[in-house]
Amino acid sequence: MTDFTDDYEEEDRFASAGLRLTVDLAALTDNWRDMARRSGKARTAAVVKADAYGTGMEDAGEALYLAGARDFFVATVDEGVTLRLYAPDARIFVLAGIWPGTERRFFENDLVPVISSEEQLAFWMAVLADYGDYPCALHVDTGFNRLGLDMNEAIALADDVSRPASFAPVLVMSHLACGDDPSSAMNRQQLESFRKVSAAYEGIDSSLSASAGIFLGNDYHFDLTRPGIALYGGAAVNGMANPMRPVVTAEARVIQVRDAKAGQGVGYGRALELTRDSRLAIVSAGYADGYLRSQSGGGVPLRQVAPEGGHGFIAGRRVPIAGRVTMDMTIFDITDLPENAVSAGDYVELFGKNISVDDVARAAGTIGYEVLTSMGLRHERRYLSEDDG
């Protein structure tokens, strides 16, 4: 049997992939520098959880490290272990905290657990008794009601003279619930609460703001900001023009172009009935690839609320989704394009420079975060750097 493995190089896989993602690392690092500038005197971390929002932990993490990021936030210890290989002397905070059986991986990889509950705090104190001094971060709830130590208990802990001398947090943090809505009174309420926490831990770094909070201004920046979605080109603030550069372009190959007659139905459930003779492009991406079914052109309950479904971009034009997004395929109506503008083998942009990830999210009734992190395992990724222009 002939072995084609050596001949099937990375560029070949990308060129022939049914679904492919292009990640612009230069845009990613530009976005990080932009957020660093907006953070004023505060240092700027990089949030790279969920495989760097679907862009690839290894390449994205290394690019951000080389750009100057020295504080990173991941979700799990596994992500921290991976990132350590690409960010050798950075501080890596693990948002899920530490649990019995994981302590050795924290120590061996120099990871900082984020302590978010009384149970984790009790376990951490026991760990320190066995292992001695080791840094941690404290996550304090200031009104989100998700993760975090009770605010009053956290302040009392800061003043507790009986706490072990080995207990030495290097960061105290909280998270805004409504940072994407600058008019929300909740932002100011949480700010005032966090100021009390920060004052109790005088001399220890404080962090309140992720991407949206950075745009709220200097009062919210403290010592360290934690941008996430903005780094990857997503909109962080509702109702504001997105200033970030797009980072990810998703494309799907056209499998077939077909003609259909007025009066005929399209796809499952005959969700779309054609009102004119049409040309349809069937592409190789569907909800199994994270191209969400809820942005279907018809046949999903959301369309009763938001009548228009999603779009792709090909041959210089936006083209609407026709009927339902299915597991492996999506149909686009290309009738309004010149007759020979699209052929089998061409690629439709699902999102990128011409269709923003937030456009896709709005059509699907969700947020750009979900779109970026849901693009599945069947894509082929390619990375562009500053050297690629």
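Predicted model: local features only at pLDDT ≥ 70, side-chain atom pairs only at ≥ 80, totals over all residues.
Residues are numbered from 1 along each chain as its sequence is written, and side-chain values use heavy atoms, with hydrogens and water left out.

**Exercise 1.** Work out how α8 lies against α9, and name the residues in contact.

*Solution.* Step 1: the axes (lines fitted to C-alpha atoms, for helices over the stretch in contact, with angles from 0 to 180 degrees between N-to-C directions) of α8, residues 151-159, and α9, residues 185-200, come within 9 Å and cross at roughly 15°. Step 2: α8 is therefore roughly parallel to α9 (angles under 35 degrees count as such). Step 3: contact, meaning heavy atoms within 4.5 Å, joins Met-151, Ile-155 and Ala-158 of α8 to Ser-193, Lys-196, Val-197 and Ala-200 of α9.

**Exercise 2.** Check the length of helix α7, then find which of its residues are buried.

*Solution.* Step 1: α7 covers residues 118-131, and at 1.5 Å a residue its 14 residues should span 20 Å (the expected span is 1.5 Å times one less than the number of residues). Step 2: the end C-alpha atoms of α7 are 20 Å apart, so the two values agree. Step 3: buried (under 20% relative accessible area, 1.4 Å probe, protein chains only) are Gln-120, Leu-121, Phe-123, Trp-124, Met-125, Val-127 and Leu-128. Step 4: their cover includes α6, β6, β7, α8 and β9.

How values were computed. Helix = DSSP H or I, 4+ residues; strand = E, 2+ residues; numbered from the N terminus. Parallel < 35°, antiparallel > 145°, perpendicular 65-115°, else oblique. Buried < 20%, exposed > 50% of the residue type's maximum accessible area, 1.4 Å probe, protein only.
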